[in-house]
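Here are some friendly notes to read alongside the structure. Keep the view open and follow each point in turn.

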Amino acid sequence: ARRGRAVHSIGTAMIGRDVLVRSVLASVAAAPVVTPANLVSATEFRRLNPIQFIAANVDPTSGGVQASSGTGADTWGIWRVDPGPRGVLLRDYPKLEKNNGVAPARWQFDRNNWWLEEHGLIMEAPAFPLPPGNYLVTGGREVTAELTITADHKWALGVPRGTRSDIPARLYDVTHLPCRAARYSGSTPTSARQTDFPVKSGAAMPVVVGSDKVDYAVLFVVGVEA
């Protein structure tokens, strides 16, 4: 019965996540892309439907998310399809292993580089690296901003769209706090505990015994350079 309640709660959470993603897409798509009067932006964006997801190699529980620019974007990745609904329950890991690591959604599990999300689902890894270019990103709260990734792996955020601010957005402003993601290496998902999930909004992902862990910030990509 306890396991049944856990699966039900994960299913409910995933439905809520899908509704949230749809609502974010609708609200951003409906809002005009405004360039502040005191700034000039030559970037034109093509709206994405469905949206995509950036995995930024910055721990969202650290002070690093207060930055507006930085280096190391070659360690950032992107999910072009929402990985949550394509995930595998922790309890189903033996089935995944028995199937040579091929998930029902046809992605390949890598036991040396595996990912968990905030509900304890095993996810496919994002594509690395995040290609250079300009992305329109948001955390699904108040701020939408342009993210620039350069060929030498630097990143920088522009000013919040639709404002007259001349202060660039912070990574925190465009991080979707309820979405959590971490990359693990070392042990396998059999060492993870379902009781450690779901992870609270903004909290660190759980430690898995025998594994090294890297926490990532998750950004919604609602547009790409046209």
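Predicted model: local features only at pLDDT ≥ 70, side-chain atom pairs only at ≥ 80, totals over all residues.

1. Residues are numbered from 1 along each chain as its sequence is written, and side-chain values use heavy atoms, leaving out hydrogens and water.

2. Start with strand E7, residues 133–138 (strands are DSSP runs of at least two residues, numbered from the N terminus). Because 6 of its 6 residues are buried, E7 is largely enclosed by the rest of the structure (buried means under 20% relative accessible area, with a 1.4 Å probe and protein chains only).

3. In a regular strand, side chains alternate between the two faces of the sheet. Gly133, Tyr135 and Val137 point one way from E7, and Asn134, Leu136 and Thr138 point the other way.

4. Now look at the neighbours. E7 runs antiparallel to strand E8 (residues 144–149), joined by 6 bridges (strands pair if DSSP finds at least two bridges between them). Valine 137 has alanine 145 of E8 as its bridge partner. E7 also pairs with strand E11 (residues 212–225), again antiparallel, over 4 bridges. There, threonine 138 stands opposite phenylalanine 220.

5. Which residue of the E7–E8 hairpin takes a positive phi? Glycine 140 does, near 75°, and the hairpin has 5 residues between its strands.

Methods: Buried < 20%, exposed > 50% of the residue type's maximum accessible area, 1.4 Å probe, protein only.
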